[in-house]
Amino acid sequence: MHNFQYRNNELFCEDVPVADIAREVKTPFYLYSYETLKRHFRAFDDSFKGIEHLTCFSMKSNSNMAVLRLFANEGGGVDIVSGGELYRAMKAGVAPGKIVYSGVGKTVEELEYAVSSDILMFNSESGQELITLNDTAKRLNRKARVSIRVNPDVDPQTHPYISTGLRENKFGIDIKKSLEEYRVAAGLGNLVVTGVSCHIGSQLTRVSPFVESIRKVKELIGRLKDAGIHIRYLDIGGGLGITYNEEKPPLPAEYAAAIKEEIGKTDLTLILEPGRVLVGNACILVAKVLYTKSSGDKNFIIVDAAMNDLMRPSLYGSFHGIQAVNTTGRKRIRADIVGPICESGDFLAKDRDVEALAQGDLLAVMSAGAYGFSMSSTYNSRPRVAEVMAKGDSYRVIRKRETCEDLVKGEEIPEFIA
Ligand SMILES: Cc1ncc(COP(=O)(O)O)c(C=O)c1O
């Protein structure tokens, strides 16, 4: 359910005509619905009522500060993977005590920053990281709360690039070896062992892999208890999928019910790291047709948004719905919707049945809120696009379109060239 709906053949975001925003902001731009974001957060978070929990939005999926503030106002925390994300989160007003930090390659500087910020928990992904974290905390005369991100070797049945819980993936510590690492961590003076975490992948459309990994983690928690190591937080990561096309992922309530059933009665606090499911369908990318052409029986619709703005189709071959902003009476054609970038891999949709959009027409690339703007780049020296959020009948730019000056910011031509 989202708030991008047609009224008299015209696409609205909440109560604002998308074309009105395009007129003022120019294209391309990402457009978020405040209501959808809020509803998605509440639907997810409320599903876990009855079990002590903290919903830590996985901000790699979308790191705009307005989005972060909205979720923080709803009581959420964040899951971060870099010092930059920590900076953004705190600037957006997320309480450090609601921040968990995952990632295989945390630098010493990043660890220092997070230890000094007194975040809730580090999800450590290697034995060496545990030692480095302990050394860092010691230097700063602090204690760091830590969990080990275990790799449960469960197949999430998703795209290989977004599978993370298989032994061959770089993430986490092999669950079979994790007890040993926990013993080491428990003996390090500046670490407080508080959690177990796992995250097996993204865009999962079934609950069974989640349940399987929780079962394995529960066994581990039992063994830890026998070894005198008491766990307070169980972080089960994110990964719940959304509908881009015809996928039928479980609803948050179904996902939560299966998890609650597997966990049973517990005194653990559950940490959840949803990303995509909160933001994916709460945003569209609005673009304009620059040109159309055909070559043989192939039709091309060339638009002003490209792979640098939305990378998912090029990177994973992902499907995003393409809809005309104004849908009055065009015939339908099969076409590739492509951007201006000089790569054949630059496409938003391939061989797609779409309305025969013409020069100047606006289109909406649907379900663009997760791993959309946050993965965008300035490739081909294309300034990053604007982000806009609508609420009711008003809207605000929540990130300005970058300029050509932004593109060259920080660059210098050394005197030996000049
Ligand atoms: C550690 C961790 N937690 C949470 C997520 C969020 O996943 P999703 O956006 O699929 O919910 C990811 C993304 O892959 C992740 O790496």
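# Values against cut-offs

Me: In E17, Phe300 has Asp336 as its bridge partner. What makes strand E15 and E17 a pair?

Reply: Three bridges join strand E15 (residues 298–303) to E17, in the parallel sense. Two strands pair if DSSP finds at least two bridges between them, so E15 and E17 qualify. Strands here are DSSP runs of at least two residues (E) and helices runs of at least four (H or I), numbered from the N terminus.

Me: What are these values taken from?

Reply: This is a predicted model: local features need pLDDT of at least 70, side-chain atom pairs count only at pLDDT 80 or more, and totals for chains, interfaces and linings use all residues. Numbering starts from 1 along each chain as its sequence is written, and side-chain values use heavy atoms, with hydrogens and water left out.

Me: What else does E17 pair with, and in which sense?

Reply: Strand E18 (residues 347–355). Six bridges join E17 and E18, and they run antiparallel. Within this pair, Ile337 stands opposite Ala349 in E18.

Me: Why is strand E17 called mostly covered?

Reply: Five of the seven residues in E17 (residues 332–338) are buried. The cut-offs are on relative accessible area: buried is under 20%, exposed over 50%, partly exposed in between (1.4 Å probe, protein chains only).

Me: Which class does Pro340 fall in, and where does Pro340 lie?

Reply: Pro340 is in the loop between E17 and E18. Its relative accessibility is 34%, so Pro340 counts as partly exposed. From Ala282, Pro340 is 58 residues away in sequence and 26 Å away in space, C-alpha to C-alpha.

Me: How do you know that Asn123 is buried or exposed?

Reply: Asn123 has 1% relative accessibility, so Asn123 counts as buried. The residue belongs to strand E8 (residues 121–124).

Me: What makes the Asn123 and Glu273 side chains a polar contact?

Reply: The contact is at 3.4 Å, side chain to side chain. The limit for a pair of N or O atoms is 3.5 Å; within protein, one must be able to donate a hydrogen and the other to accept it, and residues adjacent in sequence count only if both atoms are side-chain atoms. Glu273 is also listed among the residues closest to the ligand.

Me: Which other residues surround the ligand?

Reply: There are 15 residues around the ligand. The closest are Ser202, Gly239, Glu273, Arg276 and Tyr371. To be near, a residue must have a heavy atom within 4 Å.

Me: Which polar atoms face the ligand oxygens?

Reply: A side-chain N or O atom of Lys60 is 3.1 Å from a ligand oxygen. A polar backbone atom of Gly239 is 2.8 Å from a ligand oxygen. For Arg276, a polar backbone atom is likewise 2.8 Å from a ligand oxygen. The protein covers 93% of the 390 Å² of accessible area that the ligand has on its own; areas come from the Shrake-Rupley method with a 1.4 Å probe.

Me: Which way do the residues of strand E6 point?

Reply: Gly77 and Asp79 point one way from E6 (residues 77–80), Val78 and Ile80 the other way. All are buried. Three bridges join strand E5 (residues 53–58) to E6, and the two run parallel.

Me: What makes E1 and strand E3 edge strands?

Reply: The open sheet has three strands in the order E1-E2-E3, with antiparallel pairing. E1 and E3 (16–17) each have a single partner strand, so one side of each lacks a neighbour in the sheet. Four bridges join E1 to E2. Arg7 has Glu10 as its bridge partner in E2.

Me: Why is Asn8 called exposed, and what is its phi?

Reply: Asn8 has a relative accessible area of 77%, so Asn8 is exposed. Its phi is about 45°, positive although Asn8 is not a glycine. Asn8 lies in the loop between strand E1 (4–7) and strand E2 (10–13). Asn9, in the loop between E1 and E2, also has a positive phi, near 70°. At 38% relative accessible area, Asn9 is partly exposed.

Me: Why do these angles get a mention?

Reply: Most residues other than glycine have a negative phi, and most peptide bonds are trans.

Me: Which peptide bond is cis?

Reply: The bond joining Thr27 and Pro28, with omega about -10°. Pro28 is in the loop between helix H1 (18–25) and strand E4 (29–33).
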